[in-house]
Each structure stands twice: as C-alpha cells, then as structure tokens.
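Subject: Structure for you to look at

Dear colleague,

Here is the structure that I promised to pass on, and my notes follow below it. Please keep it open beside this message as you read.

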Number of protein chains: 2
Amino acid sequence: MNLRALGEDRLLDQLLPSLPRNTAVILGAGDDCAIVEPGKTGRLQLLKTDCLVEEIHFARITPPGRVGWKAMARPLSDFAAMSGVPLFALVTLIVPARRTFSWVRQLYRGIEKAARKFDVAVVGGETSNIKGPAVISVSLSGFVERGRWVSRAGGKAGDELFVTGRLGGSLGGHHLKFVPRIAESRWLTEKFRINAMMDLSDGLGADLPRLARASRVGFEVDEAALPLNRGRTIRQAISDGEDYELLFAISPKDARSLLSRWRKEFPKVPLTRIGKLNSKFEIRNSKLVKGYVHFQKR
Amino acid sequence: MNLRALGEDRLLDQLLPSLPRNTAVILGAGDDCAIVEPGKTGRLQLLKTDCLVEEIHFARITPPGRVGWKAMARPLSDFAAMSGVPLFALVTLIVPARRTFSWVRQLYRGIEKAARKFDVAVVGGETSNIKGPAVISVSLSGFVERGRWVSRAGGKAGDELFVTGRLGGSLGGHHLKFVPRIAESRWLTEKFRINAMMDLSDGLGADLPRLARASRVGFEVDEAALPLNRGRTIRQAISDGEDYELLFAISPKDARSLLSRWRKEFPKVPLTRIGKLNSKFEIRNSKLVKGYVHFQKR
C-alpha cells in the first residue's frame, strides 16, 4: 500500500505507538508540541539537527532500515563530539506519496533501533509529501554537565591529536551502520581534560582544519600513523569522509596515560595518535586535501 | 552566484553572523551542537519541528522572504497552541545547488525576522543539496511553566469553543504573513483556565475532530457564527486550512468574562464563540467536511 492510499492520519496511527519513550517524556508525539522534563540543575541543553537526502546521502536502493539508523546516528555522533547525552528526538520524514508504507516502516525501525540503543525518546516529528527525493531529518535535544562540554575551539599549540577507530572507505558500508562514539566520549571527559573535539564527518582533511581554525592554531599530521581501514590508502583516510570517528586534542601530560587506560576500557576500538597542534595557524601539509564539502566538487 | 559556486563553508560564513541570538545561548551555530541554558526550575521543555516543501507548501515563485517567515511562524504557532515560550531554533535548508545565493539570503531574512519578533535565537542547523524541490525545516525548543501547558486532550463536555481571528481563504496571502498567536495564548493561560487548545493548520473541519478525539468528547458547531474572512464562505472557513488561529475549550463559567476582557487586551483580534463540546464523542455535523490531510485528496 502506498502513502497516498494510506493517508497521513492512518500513517501516524501506525507509526506513533512503537516510538521509543523514556521517563522524562510528559507528552510525546501526537499533540502540537512535545513536553519533556528539563535537565537537572547544573546541566546545559544541547541541540542538533541533521538530515539525509535521497540521491545525495543515500540511494533509492539503500535498505531503508540502514537509512533510518544513519539518520539517527549522525546527530548522535555530533552529541558524542561535544560529550553530550542525547535524550529526545524529533523525526521529519518527507517522502513521495507513491513510496510504500513498508519502506517507511522499515526506515522507522532503523530510526527506533538507533534511538533505543542510546535511550533516546522519539517525541514527535512530521511527515510530508514531496515531488522529488525523500528527506529524513532528525533533531536531537539532550544535555551536558556544565564544565564538561568540549567544543572545537579549545585546542592549544602542543596538544596531541588522537582519532578513534579507523579511517577511509566508509562508503563501502560503514557509513550505514556505524555506532556513534558516545560511550567513548563520555568516558574521555570523565577521566581526562579534552581540550577540543569533533566528529569526522567530511573527512580528516576537511574537519581537522576546521578544528584548528576554531582553536586558532595550526597542526601537523603524521600521515604514516593514520589508522586505515583494511585496503584503504592514506589519501582515502584523509578525503573519503563519513568516518564518524572522534578527533580530539589533549595536552601531552594528559596524553601519557591515555592509551593504556583506553585499551583496558575499549579493547576493540583503536585509538591512535596522529599528530599535534602547533602555533603556526596555517595548513602545513600539502597532501592534506579537502574532504567533501557540500555544493562543491573536490 | 549560485550555491555550487559559493560552497557550503562560504555560504555559512555569509549566513551565520547575522543569526538572531538571545542571552541563553552559550554556543551558537558553527560547532557540532548548540549549547544553551536550560529553563529555570518549574519549567518544562517544549519541542517542535515543522517543514515546508516546495511545490507542496509553497511555489517556486513564492517570495523567499515570505517562505522563510512562514517556515519559522508555523512551529511558533504550535508553541502558541500549547501556551509555550519559544527560545531556540535549528534551521535546515535543503536546496538545489543551482539556486541563487540571493534566494537563500532572502529566505534567511524572513526566518530571522520571525525569530527576532519572538526573541528566538537561531542556534544552528544545516544546509544540504537536493536534486529536487527545496525543503526548509525549523525545529524549536522552549519552555512552558509546569501546570500551565494546554494540550488537545483536556476538553470537557459542556466546554465552550472559541476561535481567534477569522477563518477561510488563507491561501490568498494570509498563510505567508500570519503572526503566531503566542501573546494571545500566554494571556489566555495567565488569566483563565484553558481546558484544551490547538492551532488551526489543516482547517477547522480536520482539526476540531482531532481536539474532540483527543479529549474523548463530541462537539457542536454553530456554522452561522464562524468568523469568516472577507468574501469567504462557511465551507472555506471549515476546509481551507492554514488559518493558524487558536481553537480552544473553556468552561462556561470561565467563558463569561472572557470576551469583554479579551476585547480590552486585543482590540484588533476577533474572538468568537463557535460552539461547544458535548458528551456524544462522534462527528455530528454532516457539513463539517475534512480539511486538508497530507497524501490524501479532499
């Protein structure tokens, strides 16, 4: 059955009952707004929105469950980048009326699976028709403790640079099933002082200069040290993008015990020192090409 | 200059500096997430997202400033429906790369104008390319005092039904320039006990049954009493939609002083008693046809 035959009210009747909730939800999807419990004293609120566009971020033939997972996982990865805890999601689904209900249901299952894994309540959203490609947009709200958040701007000359996981070739499949590094990020800020952090979505070559620019410092990368996914080149690790790994800067003093403690806590997740921040505030490494930037060719 | 030539980073450099802020913003657009001050004790958090799709909700030739205004005003109208105070917005803009920067800038000016009018800070968002029609999505976060929020579900048999403003024919222009009824809604919940409320977006004929169903009551409407826009018919007032007026239910006792006090406070905004809720919990009025429902024909 396609969506035109089903109608919006019946579509929502099908989708809303299974949406994940958590204990902070007072009024979930179905009214004009969602109402939720705000954070405790000492918490700041985090907000993030992210979207996937068919034919740009995924293909018509991409399994819809994977698309749903990714749509939720991408803004979750941004929460990891700030060391935040996600709590509530709003989901906007814009699909052509001839798309089947089955496609939409599978997409929602992917969204819900990712939400449940991180105890995120889906508290509302919207559906709309479009005469064109499908769009899925997810907005997240959550919290971070005052004094614990990490932006891109706190990096200092001399800080060591680390990345989690491996880089390159994500479009081979990783980009549809990655697990946002929220547990790792929360552990890092609990145990260490992290000066600057971000998630790698456009590729190290585009993202590291952004962190450096926000921190008003330069950087040096030891390309030979980059943790590569199997069969991938250094150039791919720099330019492919969609790695959704954490890139962070930490003082050399704090960095000393980091690797050994990390290996005990996350034995399956590599952590690699890839270089350091310096005082040059310019792009030094000629091989470090730009990653993917929307609207532009490489 | 079109967006492909400009590139995403330069587009954001152009758009971000002028975004409205307010005193609760700690970290605005440009990092992985926005960070904002949460509400004071005794406040609940409100969340809402809404989108406009080209060729569905607006035309290619609609002035982009008006589209931007509407994109922000629609979720603000949902805040009015709950008697909430909006604080923060995330803006997602999905446009084909050949669209001009001028079009995007005018759209943003409309968004910012509506945000400034209600002291809403635009704290982040996203831009993406699409091979199809433009999409603008706005997510809002804000607060409502504990004990002050109004859902659709609190209506009681015997309650009187009121609507603000006039209904019908909104697509003639009103839908692009309406002012969300936030001031009116806040005044109503400050002075009176409002049992149920919503904003009229799909038309009284679609929206009133939703309020009645959520409240598990029936309703009777005096069609002759409906406040019509100039030159519009009762049928248009019921079915056209996009009025963005408030529909609310209030006890007959509270209703007694409502109209005279309203006229003193809002002399330019009509307030009209259009009927009442009853215990029938069924749709009684055969003329009350369905309003616009997405994916379905009328």
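Please bear in mind throughout that this is a predicted model. I start with the contact between the two chains.

Eight salt bridges are counted between chain A and chain B, and one of them joins A:Arg152 to B:Asp32, with the closest N and O atoms 2.9 Å apart. Between chain A and chain B there are also 18 residue pairs in polar contact, both residues of a pair being at pLDDT 80 or more. On the side of chain A that touches chain B, the element that gives the most is strand β3 (residues 43-53), with 10 residues. By residue class, that side of chain A divides into 35 nonpolar, 17 polar and 19 charged residues. The contact as a whole draws 71 residues from chain A and 71 residues from chain B.

The size of an interface is often given as the accessible area lost when the parts come together. For chain A and chain B the buried area is about 6100 Å², and carbon and sulfur atoms give 58% of that area.

Another residue of strand β2 of chain B is B:Ala34, which counts as buried because its relative accessibility is 2%. Leaving out residues up to four places away in sequence, B:Ala34 touches A:Gln45, A:Leu46 and A:Leu47 from chain A, together with B:Leu27 and B:Val123 from chain B. B:Ala34 and B:Phe88 are 54 residues apart in sequence, and their C-alpha atoms are 9.5 Å apart in space.

Two further residues of chain A are worth a look here. A:Asp32 lies in the loop between β1 (25-27) and β2 (34-36) of chain A, and with a relative accessibility of 1% A:Asp32 counts as buried. The side chain of A:Asp32 makes a polar contact with the side chain of B:Arg152 at 2.9 Å. Not counting residues up to four places away in sequence, the residues that A:Asp32 touches include B:Lys48, B:Asp78, B:Met82 and B:Asp199.

The other is A:Thr49, which is placed in strand β3 of chain A and counts as buried at 2% relative accessibility. The side chain of A:Thr49 makes a polar contact with the side chain of A:Ser139 at 2.8 Å, and the side chain of A:Thr49 also reaches the backbone oxygen of A:Val138 at 3.4 Å. Once neighbours within four places in sequence are set aside, the contacts of A:Thr49 include A:Ser137 from chain A as well as B:Leu90, B:Thr92, B:Gly125 and B:Glu126 from chain B.

I turn next to strands inside each chain. In strand β5 (residues 121-128) of chain A, seven of the eight residues are buried, so β5(A) is largely enclosed by the rest of the structure. Strand β4 (residues 85-94) of chain A pairs with β5(A) in the parallel sense over seven bridges, and A:Gly125 in β5(A) is the bridge partner of A:Val91.

In chain B, five of the five residues of strand β7 (residues 160-164) are buried, and therefore β7(B) is largely enclosed by the rest of the structure. In a regular strand the side chains alternate between the two faces of the sheet. In β7(B), B:Glu160, B:Phe162 and B:Thr164 point one way while B:Leu161 and B:Val163 point the other way, and all are buried. Four bridges join β7(B) to strand β10 (residues 246-250) of chain B in an antiparallel run, with B:Ala249 in β10(B) as the bridge partner of B:Leu161. Five bridges join β7(B) to strand β11 (residues 271-278) of chain B, again antiparallel, and there B:Phe162 stands opposite B:Arg273.

Finally, a point on the backbone. Most residues other than glycine have a negative phi. B:Glu55, however, has a positive phi near 75 degrees; B:Glu55 sits in the loop between β3 (43-53) and α3 (64-82) of chain B and counts as partly exposed at 44% relative accessibility. B:Ser83 has a positive phi near 65 degrees and is placed in the loop between α3 and β4 (85-94) of chain B, where B:Ser83 counts as buried at 0% relative accessibility.

With best regards

Key. Residues numbered from 1 in each chain as written. Chains lettered and ligands numbered in written order. Predicted model: local features only at pLDDT ≥ 70, side-chain atom pairs only at ≥ 80, totals over all residues. Heavy atoms only, no water. Contact = heavy atoms within 4.5 Å. Buried area = accessible area lost by both parts, 1.4 Å probe. Salt bridge = Lys/Arg side-chain N within 4 Å of Asp/Glu carboxyl O. Polar contact = N/O pair within 3.5 Å; in protein donor to acceptor, adjacent residues only side chain to side chain. Helix = DSSP H or I, 4+ residues; strand = E, 2+ residues; numbered from the N terminus. Nonpolar A, V, L, I, M, F, W, Y, C, P; charged D, E, K, R; others polar. Buried < 20%, exposed > 50% of the residue type's maximum accessible area, 1.4 Å probe, protein only. Pairing = 2+ DSSP bridges.
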